[in-house]
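Please read the points below with the sequence and the model side by side.

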Amino acid sequence: MQRLYRKRIVLGVGGGIAAYKSAELVRRLRDQGAEVRVVMTRGGREFITPLTLQALSGHPVHLDLLDPAAEAAMGHIELARWADLVLVAPATADLMARLTQGIADDLLTTLVLATDAPVALAPAMNQAMWRDPSTQANAEVLGKRGIRLFGPAAGSQACGDVGPGRMLEAEQLAQLAADCFQRRALDGRHVLITAGPTRENIDPVRYITNHSSGKMGFSLAEAAAEAGAKVTLVTGPVHLPTPDRVNRVDVISARDMLAACEAAMPCDLLIAAAAVADYRPEVVAPHKMKKDPASGEGLLLQLVRNPDILATLARRDDRPFSVGFAAETEHLLEYASRKLRDKNLDLIVANDVANPAIGFNSEENAITIIDRDLRQTSLAQTSKSKIARQLVAFIAERLNQA
Ligand code: C5P
């Protein structure tokens with residue numbers, strides 16, 4: 001099967017020794033049915049001749065932004081519109097830095113700015129250059145903007161070093177390019193995820209909270225973004241980095257969380273993984289509370305109910321497909337099914353927090369998913385990121401059937 005049949009690919013060739021693999025890449029892309037136009041940077045031309053790539057692609061190679069003859073044939077904007085995918089291989093450290101800054105001082109960087117097509121980079125550089133914090137920061141920024149990074153691989157390098165920075169092989173790059181066109185389970189969907197604990201103030205220095213680490217919700221956000229969704233992650237206070245391509249909203253209390261979720265509506269799918277405090281102090285003392293000798297040993301704190309975020313959103317007219325979590329220490333399935341009904345959910349994910357290996361703050365999880373017909377599907381114990389991918393795939397299938 002030609003996985004890239006009639007797909008139009010602009011291949012950008014930067015100035016690195018790995019440019020010799022770009023010749024092979026043109027062939028592999030064409031083997032898969034793609035039409036390829038090559039754009040070379042000045043550096044790229046030092047490593048491989050345009051004539052080679054012209055012969056392999058079957059089209060003149062695009063070299064200069066300001067060449068009137070080339071612009072008359074197919075100008076940079078036309079080329080940017082023509083592309084279904086812009087693949088830059090090799091992408092040097094310098095090219096990545098220029099793309100991060102939005103610099104457009106040659107044909108390739110201009111084209112990347114001008115195109116609406118997906119952009120993918122295959123980094124290729126010395127291992128120390130790849131590991132350098134500035135390159136790592138650039139890779140992170142580019143990833144957050146939705147630019148895909150293919151590789152790099154680790155191994156022996158042309159300069160004699162060993163480490164990460166080798167460009168992937170042509171065959172691997174062609175397969176990854178083809179993956180870019182595969183429809184993903186949550187393409188075009190807006191997914192709202194709640195994560196972490198909430199914090200309910202008692203006074204300016206004290207609060208009530210719980211042991212939730214946010215790991216499950218963050219893993220779900222990452223998995224949903226990987227599945228093509230636009231993800232809004234509303235999280236209480238946690239110590240976790242924001243996954244790529246995820247829009248994160250930080251909140252403190254349950255009421256903040258509800259307001260942030262309402263502001264993020266409408267959405268197609270809601271996954272409520274937050275451990276929301278059920279109660280908050282009725283009044284928040286304006287100043288630090290003092291030990292009161294008159295009250296003897298005790299202190300009574302009057303608590304009031306917090307809003308149920310999940311139930312509130314699942315009751316709206318524009319309700320999303322709604323998935324809740326039931327963390328229980330006993331009667332797991334019975335309590336979970338009751339919550340499914342009471343909160344008007346489509347699915348509930350039951351997990352046994354009495355088991356320390358899969359409870360709050362642990363690295364792993366094991367879950368049972370229950371649907372409205374009370375059918376159960378169990379996912380065996382594994383890392384939270386693996387469970388998240390399996391769970392997102394399961395939910396997406398149900399959502400797409402709904
Ligand atoms: O009722 P319980 O707290 O056990 O329900 C757990 C589920 O409901 C979780 O999905 C949790 O994120 C959600 N929830 C909520 N707002 C609350 C309490 C729970 O969204 N105030």
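1. Helices (H or I, at least four residues) and strands (E, at least two) are DSSP runs, numbered from the N terminus. Tyr279 belongs to strand 14, which spans residues 279–281. The model is a predicted one, in which local features need pLDDT of at least 70, side-chain atom pairs count only at pLDDT 80 or more, and totals for chains, interfaces and linings use all residues. Residues are numbered from 1 along each chain as its sequence is written, and side-chain values use heavy atoms, with hydrogens and water left out.

2. Tyr279 is partly exposed, at a relative accessible area of 40%; here buried means under 20%, exposed over 50%, and partly exposed in between (1.4 Å probe, protein chains only).

3. In helix 12 (residues 254–264), the buried residues are Ala254, Met257, Leu258, Ala260, Cys261 and Ala264. Because these residues cover an arc of only 165 degrees around the axis, they lie on the same side of helix 12, the arc being that of the directions from the helix axis to the C-beta atoms.

4. A nonpolar core is a set of buried Ala, Val, Leu, Ile, Met, Phe, Trp, Tyr and Cys residues joined through side-chain atoms within 4.5 Å. The largest one has 36 residues, of which Leu186, Ile193, Leu220 and Leu391 touch the most other members. Helix 15 gives the most to this core, namely eight residues. Apart from it lies another core, of 32 residues, including Val13 and Leu53.
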